[in-house]
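Please look over the sequence and the model shown here before reading on.

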Amino acid sequence: MPTEDVSDWIALNMIPGVGGATFRRLVKFFGSPGNALRASLKDLNRIRGLTPAVCQSIVDHRDSVPVKREMEIVERRGCRIITTQSESYPANLKAIYDPPPVIYVKGDLLPADSLAVSIVGTRSASPYGKMVAEQISSQLAARGVTVISGMAYGIDTAAHTGALEGGGRTIAVMGNGLDVVYPARNLKLLERIIKSGAAVSEFPMGMKPLRSNFPRRNRVVSGLSLGTLIVEAPKRSGALITANFALNQGREVFAVPGRIDSEMSGGTHDLIKQGAKLVESVEDIFDELPSYALEPFTEEDHKIEEERAELQLSKDEKAIWKAIGSSTIHIDDISRQAALPAYKVSATLVMLELKGLVQQSAGKMFTRKVAMMKSSKTE
């Protein structure tokens, strides 16, 4: 796209009062952002759905938008701008009903990122919530699924961290300009994300993290993904806004159950009651992903996954993992073979189940449970 066209997109996008819906109306009516910027007030007022105030704002601000400065900051910060006309605009996001006309990107967006799952939840996450988010994110990333989240504290941070630990890709969707780090304590995490994925924002450079920005950010989080997993969320939570966006966009919604006496489980349990897919392990997510994006695991893949899992286990977990082996075994036999007391075996098996590594069947029988599906990504 010629530089002057990008300038027109930036200018129209930065005019106060011009949101995504207004932007699309203007381009549909006039044929291009440049034509819209040059239109008379009379012609602007002919567009159905535009208020007189917005039309006046376009006329008042079109010659004063700091486009040159904006592009200089973008270049200096190592970012780039992608419009909906660009072939590199994310396909999943472009398919929603209100894609941002312009997105700012730092890092790399790849075609493979269309196989993506978003993981979101409360900022005030419990240790359980953080552990589940990190474990599931790591397992998804290790199998070629890009993990999307919003860079907030709590579940978002755990999701990004898990994807990085799993050796995969993750994308952070920001509720501010890409030259503003928020939250500030996540600076090092953001740097790691950009190296193995990307940071994305629809907001101009310098935009502060205003409260009103985050619902808009949330629709991009879900829009980039095939499905959204809510790990922990109270009944009034921004994560539930993301889930609603996912539903409206025709995407899958997943939820992790929590303690019934925890306030942080209220929102996720409501989602499950309303039909969200209950997630106990990463396989529950893979069951709902498009079949064209996945391939069956081979025996060699199973071996690799088991070795990878064993490296992440504690001493007691390794002893129990070894005792279970490749067969189905009763909890009493696990205790005997692992030389551990029953109470410790029981508690440790719960942790292994939460990690998606062990499955319990009737009669307190246990089996190893490793990845059953993988992406087409080469191991």
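## Cysteines

In this predicted model, cysteine 79 counts as buried, because its relative accessibility of 11% falls under 20%. Cysteine 55 is buried as well, with a relative accessible area of 0%. The count of disulfides comes to 0.

## An open sheet and its helices

Three strands form an open sheet in the order E11-E13-E12, and the pairing is antiparallel. Strand E11 (329-330) and strand E12 (358-361) stand at the edges, and each has a single partner strand, so one side of each is left without a neighbour in the sheet. Helix H16 (residues 315-324) packs on this sheet, where it touches E11, E12 and E13, and its direction makes about 95° with that of E13.

Between E11 and strand E13 (residues 365-368) there are 2 bridges, and isoleucine 329 has phenylalanine 366 in E13 as its bridge partner. Helix H18 (residues 342-354) lies across E12 and E13, and runs at about 115° to E12.

## Backbone features in loops

Most residues other than glycine have a negative phi, and most peptide bonds are trans. Methionine 151, in the loop between strand E4 (146-149) and helix H9 (155-165), has a positive phi near 70°, and this residue is buried, with a relative accessible area of 1%. Alanine 339, in the loop between helix H17 (331-338) and H18, also has a positive phi, near 60°, but alanine 339 is exposed, with a relative accessible area of 66%.

The peptide bond from tyrosine 182 to proline 183 is cis, with omega near -5°, and proline 183 is placed in the loop between strand E5 (170-173) and helix H10 (187-195).

How values were computed
Residues are numbered from 1 along each chain as its sequence is written. This is a predicted model: local features need pLDDT of at least 70, side-chain atom pairs count only at pLDDT 80 or more; totals for chains, interfaces and linings use all residues. Side-chain values use heavy atoms; hydrogens and water are left out. Two strands pair if DSSP finds at least two bridges between them. Helices (H or I, at least four residues) and strands (E, at least two) are DSSP runs, numbered from the N terminus. Contact means heavy atoms within 4.5 Å. Axes are lines fitted to C-alpha atoms, for helices over the stretch in contact, and angles run from 0 to 180 degrees between N-to-C directions. A disulfide is a pair of cysteine sulfur atoms within 2.5 Å. Buried means under 20% relative accessible area, exposed over 50%, partly exposed in between (1.4 Å probe, protein chains only).
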